[in-house]
Number of protein chains: 2
Amino acid sequence: MRRGRSDRTTLFDVAKKAGVSPITVSRVLREPGKVSPELRGRILELIEVMGYVPDQAARALASKHNSTFGVLISAMTNPAFISFMRGIEERVRDTDFRVQYANTHYCVEEEKRQVRLLLSQNTAGIILAGMEGLEQVAELLKQATCPVVQVVDVNLESVGASVSIDHTEAAATATEYLLKCGYRRIAFFGGTSDERGRRRSLGYSRVMKKAGLFQESLIYSENNISAPAGVHLLHAALQEHPDLDAVLCQIDELALGVLFEAQRIGKRVPEDFGICGYNDLQFAAITQPPLTTIRVPLFEMGYRAADLVIRDACGQTKTRSVVNMGFELIARGTTRPPRAVE
Amino acid sequence: MRRGRSDRTTLFDVAKKAGVSPITVSRVLREPGKVSPELRGRILELIEVMGYVPDQAARALASKHNSTFGVLISAMTNPAFISFMRGIEERVRDTDFRVQYANTHYCVEEEKRQVRLLLSQNTAGIILAGMEGLEQVAELLKQATCPVVQVVDVNLESVGASVSIDHTEAAATATEYLLKCGYRRIAFFGGTSDERGRRRSLGYSRVMKKAGLFQESLIYSENNISAPAGVHLLHAALQEHPDLDAVLCQIDELALGVLFEAQRIGKRVPEDFGICGYNDLQFAAITQPPLTTIRVPLFEMGYRAADLVIRDACGQTKTRSVVNMGFELIARGTTRPPRAVE
DNA sequence: CTGTTAGCGCGTTCAC
DNA sequence: GTGAACGCGCTAACAG
């Protein structure tokens, strides 16, 4: 390990030079109003000149609070999280708070480890956007005295506050829509490692069962959710179900792969084959034909989650708010127009 | 601000309960070999039972070093950075180091602010993957005593070590390839805010000039690099240059938009129209036709950058290594086969 | 508005 | 192999 500069300027150095006590310098930085303007001006100048930077560790230790909060994400590689992150950043901007992201790689152990680390840093708050080991992590989280916000399915219990989507309902809506468009042999393409995905698959199954069209073998999943996975899954699905006429994808990227593969093998979309995605990622609007999908307010969710943490950290609000963000079906060109009456 | 639990278990509490001195407990955690096995076992158990978690702030303050390093990224929304991040994570995994990401939003001020914050936290190291305000930030970075690794174009000077790609050369290679394929009116689509993009545009211009085909108006750029931007840029470009027969895109997502738009307006790819991307993102292999692109070892770059930071932080290597990672042209279906001889 | 006293929780140094 | 004393740099609580 490398040492920091041992000659780094400290609060004490500045105070000595200014001929005041350290606490005055400290106050100039934290409660400027409590220091007389002249003194403040002089000290501020000295701080600048001497290149003083407060030591966060010392600050955190002395004051027992920390201005950075952690965001645990199960996969940063998921483009859906990117909008979410941007929402967080937007809320944090112009705030003294800082965000620390950590990737849990869909791994419960890693999730627990990260939570412990955050706790050990006396973190200002935690946003949990992965929910793999919810039960196990919940145990840890209960001990936390800092605000905890989970981003989950609306039906799952959460330890603290939550900002969520009813994924089950969203997938149900999409499935119903596909049925209304007249598709019958509808597959579900998802991932194995994501709880949200399992929720969505639930909504799909419910509607398909109600329509008497459910078949276990219509549910496909792959570990690595990506456009290439969409290609493979469609290929596999068509082998088993040559009469497949639509796919509901757990995420737009899968749908992108499905769309290209359908094109390659000469399926006409949407006439012979319907595709519905999830998330309404940027590219969804410009595929050919444009992708029908479920829009989820990812940016806003990030913003709200950060908002809850920040406001709670400042003691302005309760910790247990539950926010349901809603969703929207965006009907575009990869599905036929719905039929007037069933 | 909210207070941490004042009743949090400390090293001292554990020591008291174990009937030993605090330092022994501390050693169990950091230098287990120096404590007798029985004592160690007993203490480890107590730590578990009492739920003791070390306070990082106290640790950092006392030891003067910090096990988390910062990664400054100009835009986490750029999918190219995601592989880069994964590379970093991979190197860090099973290490005591932690990573803290910060988004600089292509903003010099923000970049400076973040660097200052990292410095004030006595960070273990800094990876700078945005390079907007290089000159201004360099000033700050020179004062750093921690390892600094920049991820930049190979021709740019860096303050510390660097892991880089010769973006100019890469774009030149791609442009030459398009020429070899017989395309003549080749546009360049890029972004305005990214230095890497400017580098690539340089390589494009150089080759086009040499071929006597350069025209300023063939260079297009948009702030927000995305698939929709690709659609708009192609639309705009074809208005001004109806005879356009190829596009070199600064990033695959633009190319995706271009591909779909070309499809929509009935251009035959690659016969009448060539497209080349950059980065070889996951979907590049499965578009229809598959995307010709420049592959850049993003994952490896992240891995190497983290490796440099970690090894330097551990005092094992020099700070000024310059690593050139190379690139590779992946010829796929969005370009015609190259002609034997010009 | 300014200063004094005390101590945050841990690691370093040097003893035993 | 184990411990005592001290201090990291800063802020809380109380004086004045």
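Ala, Val, Leu, Ile, Met, Phe, Trp, Tyr, Cys and Pro are counted here as nonpolar, Asp, Glu, Lys and Arg as charged, and the others, Gly among them, as polar. In the predicted model, the surface near DNA strand D comprises, by these classes, twelve nonpolar, six polar and six charged residues.

Helix 2 (22-30) and helix 4 (56-63) of chain A, together with helix 2 (22-30) and helix 4 (56-63) of chain B, each supply at least two residues. The largest share, four residues, comes from helix 4 of chain A.

Of the atoms of DNA strand D within 4 Å of the protein, 69% belong to sugar or phosphate, and the rest belong to bases. The side chain of Y52(A) places an N or O atom 2.3 Å from one phosphate oxygen. In chain B, the backbone takes part: a backbone N or O atom of S21(B) lies 3.2 Å from a phosphate oxygen, and a polar backbone atom of S36(B) is 2.8 Å from a phosphate oxygen.

A helix pair was also examined in chain B. Helix 10 (residues 227-240) and helix 11 (residues 252-264) of chain B pack with their axes 6 Å apart, at an angle of about 55 degrees; the two helices are therefore oblique to each other. Their crossing is right-handed. Residues making the contact include L233(B) and L234(B) of helix 10 and L254(B) and V258(B) of helix 11. By class, this contact has nine nonpolar, three polar and two charged residues.

Conventions
Residues are numbered from 1 along each chain as its sequence is written. Chains are lettered from A and ligands numbered from 1 in the order in which they are written. This is a predicted model: local features need pLDDT of at least 70, side-chain atom pairs count only at pLDDT 80 or more; totals for chains, interfaces and linings use all residues. Side-chain values use heavy atoms; hydrogens and water are left out. A residue is near a molecule or strand if one of its heavy atoms lies within 4 Å of it. A polar contact is a pair of N or O atoms within 3.5 Å; within protein, one must be able to donate a hydrogen and the other to accept it, and residues adjacent in sequence count only if both atoms are side-chain atoms. Axes are lines fitted to C-alpha atoms, for helices over the stretch in contact, and angles run from 0 to 180 degrees between N-to-C directions. Angles under 35 degrees count as roughly parallel, over 145 as roughly antiparallel, 65 to 115 as roughly perpendicular and the rest as oblique. A crossing is left-handed if the near helix is turned anticlockwise from the far one by less than a right angle, and right-handed if clockwise. Contact means heavy atoms within 4.5 Å.
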